[in-house]
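Thanks for coming. Please have the sequence and the model open while I talk.

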Amino acid sequence: MSVADEGPLDVTVRLMRDDEFESVCELSTRAFGSDERIRTLLVDLRSSWAWRDELSFVAELDGQLAGHVLFTSAFVDCPERLVDVLVLSPVAVRTDVQRRGIGAAMIRTALQTLNDRAEPLVFLEGHPSYYPKFGFRSASRLGFTPPSVRIPDAAFMVHPLPRYEPWMTGALVYPDAFWRNDAVGLRSAR
């Protein structure tokens, strides 16, 4: 039986410490197939207006980092006014313990802590059969438009938080670090 088939693991989800940032970058880069653009994205986000230390979560397993989930600040351009929202991206789990519930544990724990924040919505680009179990649903059905035409409608999802109100509709505006790192939507094979 492979590690990926052994079932859920007991992990601790907590805020990332400052001294763990480089380890988080390494873990995330490896989780995305050694794509160095993930490291650059994380570095750029951390040095931007969108980063909040209290929105960077890690999973710890047997004293070692096993995963990372990040929420960053963004906006929705509503007809009435700009509304501060959050974007969930990226989610990374160490390759040797993927498909064992670590990502789910991080997302659930983090979303629970977000209920007390002022932001009314969390957006993501993600797999439409995975994220609904966390309360994500079609963003377009709630009146939101994606920041790029390259984001498939089924992948553009939103999770309403307690401060959400139905008048909040409009275009999601991503932090500039996502654009500078070409981390928005799908790209066709080159």
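In S9, threonine 145 has alanine 171 as its bridge partner. Strands and helices here are DSSP runs, numbered from the N terminus: H or I of at least four residues for helices, E of at least two for strands. Two strands count as paired if DSSP finds at least two bridges between them.

A word on the source. This is a predicted model, where local features need pLDDT of at least 70 and side-chain atom pairs count only at pLDDT 80 or more, while totals for chains, interfaces and linings use all residues. Residues are numbered from 1 along each chain as its sequence is written, and side-chain values use heavy atoms, with hydrogens and water left out.

Back to S9. Strand S7, residues 144-145, runs parallel to S9, with two bridges joining them. Strand S3, residues 64-77, runs antiparallel to S9, residues 170-173, through three bridges. Look at valine 76: leucine 172 in S9 stands opposite.

S3 has another partner. Strand S4 is joined to S3 by 10 bridges, and the two run antiparallel. Four residues make the hairpin between S3 and S4. Alanine 74 is the bridge partner of valine 85 in S4. On its own account, S4 pairs with S5 in the parallel sense, over two bridges. There, leucine 86 stands opposite valine 122 in S5.

Stay on S4. Which two residues does a cis peptide bond join? Serine 89 and proline 90, with omega about -5 degrees. Proline 90 lies in strand S4. Then comes the loop between S4 and H3, where arginine 99 is found. Arginine 99 is not a glycine, yet its phi is positive, about 60 degrees.

Now the largest pocket. How much space lies in it? About 1000 Å³. The search uses a 1 Å grid over the protein atoms alone and a 1.4 Å probe; a pocket is an open set of points with protein on both sides within 12 Å along at least five of seven lines, and lining residues have an atom within 4 Å of a point. Points are joined across faces, edges and corners, and the volume is the space filled by probe spheres set on them.

The lining has 40 residues; Phe32, Ser89, Pro90, Val91 and Glu125 lie nearest the centre. H2, S4 (82-93), H3 (102-114) and S5 (121-125) each give two or more residues to it. S4 supplies the largest share, seven residues. By type, the lining divides into 25 nonpolar, eight polar and seven charged. Nonpolar means Ala, Val, Leu, Ile, Met, Phe, Trp, Tyr, Cys and Pro; charged means Asp, Glu, Lys and Arg; the others, Gly among them, are polar.

Last, the helix pair. H1, residues 21-31, packs on H2, residues 36-46, at about 145 degrees, with axes 8 Å apart. Axes are lines fitted to C-alpha atoms over the stretch in contact, and angles run from 0 to 180 degrees between N-to-C directions. Contact means heavy atoms within 4.5 Å. On the H1 side, the residues include Phe21, Val24 and Cys25; on the H2 side, they include Ile38, Leu42 and Val43. This contact divides into six nonpolar, two polar and five charged residues.
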